[in-house]
Amino acid sequence: MWGNRKLSSSGSFFLDVFKSGWRGIQADSSRLTTSAVYLPNQLSWTLQIKPWVFSEYRIMWFKSYRMNFACLNTLKSYRYPWTRPYSTSRTTIDSSEVKIFLTLAHKWWDEQGVYAPLHSMNDLRVPFIRDNLLKTIANHQPGKPLSGMKILDVGCGGGLLTEPLGRLGASVLGIDPVDENIKTAQHHKSFDPVLDKRVEYRACSLEEIVEETAETFDAVIASEVVEHVIDLETFVQCCCQVLKPGGSLFITTINKTQLSYALGIVFSEQIAGIVPKGTHTWEKFVSPENLESILESNGLSVQTVVGMIYNPFSGYWHWSENTSLNYAAHAVKQEHPVPAGFVVKGETEDRQADASTSPAVHNELKK
């Protein structure tokens with residue numbers, strides 16, 4: 001229905017097995033290994049290479065976007081990137097963005113106003129979230145298909161997406177750093193008694209609740225949010241930390257292209273006035289490829305990415321294979337706490353495998 005087009009890696013596999021280059025790689029393998037060794041008081045990442053894969057023959061793969069290297073060594077201990085303690089001195093909130101949304105807090109539920117495109121987007125994003133979550137549920141209640149699921153709606157605004165998810169039976173926590181947005185959301189929720197026990201709102205940032213909600217949610221939603229944060233890497237780390245293993249992260253955002261600048265900022269903000277001026281900053285837009293890289297480096301496996309097109313004349317959205325403007329992505333937190341692509345298949349006592357005599361090693365490298 002949405003094309004289910006997976007984000008493809010921008011890299012290609014390059015294998016130059018052992019031969020003349022092996023001696024250089026082997027000599028340097030200790031330096032490569034130390035980049036992942038956890039010391040008592042620090043974590044040293046001297047190389048930004050992903051993912052890591054170990055085979056039973058102690059082959060360590062370092063995959064960059066353009067090539068792979070292999071070396072034989074052991075990794076005595078390690079610490080996963082997304083389990084690093086979060087530094088409270090870092091924030092994802094842009095104070096200038098907060099000021100903009102503060103002036104618009106009373107307009108969230110005006111279906112013909114500045115947030116009209118977000119109201120219309122529910123026709124796509126609610127089924128997108130619902131249908132992907134239902135794939136993880138064996139049995140669901142008619143009328144309340146998401147019953148029993150805990151969802152975090154990050155940057156919920158006035159609750160435009162939070163409420164329909166609550167009506168589907170989920171227990172939803174909506175958070176937003178703008179206090180006036182939360183007041184608007186709470187006021188609107190009060191008109192529907194069904195939502196009273198299912199939906200909760202808090203005026204806070206994501207990083208403020210990471211510790212108390214670690215591995216709490218079945219799904220985290222960041223719809224039209226990541227293009228407003230100042231530290232996307234930290235934001236994704238926090239999303240991953242509050243997700244249960246196997247939980248889903250849903251993101252809708254804007255691609256970083258010349259077309260998105262022309263239509264998303266020049267036309268939408270400065271000419272047509274579809275959204276207020278200053279709402280978006282093109283430099284904060286993120287491409288699907290860059291987003292995939294950040295997600296996978298934090299232990300999330302990207303399942304689907306699909307384009308979304310908005311027709312300003314009809315006021316409706318539709319799915320598209322073209323992701324040059326808006327797109328939606330679905331990623332799943334790996335069940336086991338290992339980095340993207342990091343697979344430990346076995347453990348042996350030998351510190352080094354004999355690559356020259358083991359045909360299995362050569363077969364591994366040829367894959």
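The bend at a residue is the angle between axes fitted to the seven residues ending there and the seven starting there. By that definition, helix α4 bends by about 40° at Asn122. The structure is a predicted model.

**Helix α4**
- Helix α4 comprises 19 residues, 116–134.
- At 1.5 Å a residue, α4 should span 27 Å, and the 28 Å between its end C-alpha atoms agrees with that expectation.
- Because 15 of its 19 residues are buried, α4 is largely enclosed by the rest of the structure.

**Strand β6 and its partners**
- Strand β6 covers residues 150–154; 4 of these 5 residues are buried, so the strand is largely enclosed by the rest of the structure.
- Strand β7 (residues 171–176) runs parallel to β6 and is joined to it by 5 bridges.
- Within this pairing, Lys150 stands opposite Ser171 of β7.
- A right-handed β-α-β unit is formed by β6, helix α5 (residues 162–167) and β7.
- Strand β9 (residues 217–223) also runs parallel to β6, with 3 bridges joining the two.
- In β9, Ile221 is the residue opposite Asp153.

**Ser287 and its surroundings**
- Ser287 is located in the loop that lies between α8 (258–271) and α9 (288–297).
- The side chain of Ser287 reaches the backbone nitrogen of Asn290 at 3.1 Å.
- Leaving aside residues up to four places away in sequence, Ser287 touches Asn255, Lys256 and Tyr327.

Methods:
Residues numbered from 1 in each chain as written. Predicted model: local features only at pLDDT ≥ 70, side-chain atom pairs only at ≥ 80, totals over all residues. Heavy atoms only, no water. Buried < 20%, exposed > 50% of the residue type's maximum accessible area, 1.4 Å probe, protein only. Pairing = 2+ DSSP bridges. Right-handed = clockwise from strand over helix to strand, strands pointing away. Polar contact = N/O pair within 3.5 Å; in protein donor to acceptor, adjacent residues only side chain to side chain. Contact = heavy atoms within 4.5 Å. Expected span 1.5 Å × (residues − 1).
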